[in-house]
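Subject: Structure for you, with notes on its salt bridges

Dear colleague,

I am handing over the structure below, and my notes on its charged side-chain pairs follow it. Please read them with the model open.

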Amino acid sequence: MTEFTPDQIEDFKEAFGLFDRIGDSQVAYNQVADIMRALGQNPTNKDVTKILGNPSADDMANKRINFDAFMPMLKQVDALPKGTYDDYVEGLRVFDKEGNGTVMGAELRIVLSTLGEKMNEQEIEALMAGQEDENGSVHYEAFVKHIMSV
């Protein structure tokens, strides 16, 4: 598991504090995923739910945790395997019907809105901005490089 530096922990504590709406040095369970993402992680909602112990919807809205309880959860998320450039390119290659390094933008939009962690229309449009050529095709290797650099 990754060990964080004292400076990182101090930054994490400061960010955690920004999510404390009540002033009791705690945050709601339903804020944990947002905090993790604000700290540069990219857990799925399923991962976060599992790390929180599969809480009920009521617990998600009402239970609160402090920073000391949050840190081991952040370490767990940091240790999760991350997708690589090659993984993403290979996943998109499945949709390259002509074998020319492109996928149809419309098809990519459907995939992003229906598979895995479903994205909403605004998220998809932000991601796809400037990625399609005049034929509506997306060069998926460049697309993956763009996403991974954001």
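In what follows, a residue is called buried under 20% relative accessible area, exposed over 50%, and partly exposed in between, with a 1.4 Å probe and protein chains only. Please bear in mind that this is a predicted model, in which local features need pLDDT of at least 70 and side-chain atom pairs count only at pLDDT 80 or more, while totals for chains, interfaces and linings use all residues. Residues are numbered from 1 along each chain as its sequence is written, and side-chain values use heavy atoms, with hydrogens and water left out.

Searching the whole structure gives eight salt bridges, the term meaning a side-chain nitrogen of Lys or Arg within 4 Å of a carboxyl oxygen of Asp or Glu.

One of them pairs R109 with E125, with 3.0 Å between the closest N and O atoms; R109 sits in helix 7 (residues 105-114) and E125 in helix 8 (residues 121-128), 16 residues apart, where helices (H or I, at least four residues) and strands (E, at least two) are DSSP runs numbered from the N terminus. R109 is partly exposed at 21% relative accessible area, and E125 is likewise partly exposed, at 37%.

R109 also forms a salt bridge with E132, the closest N and O atoms being 2.9 Å apart. Because E132 lies in the loop between helix 8 and strand 4 (137-139), this pair ties together parts that are 23 residues apart in sequence.

Elsewhere, D20 and R64 form a salt bridge at 3.5 Å between the closest N and O atoms.

Best wishes
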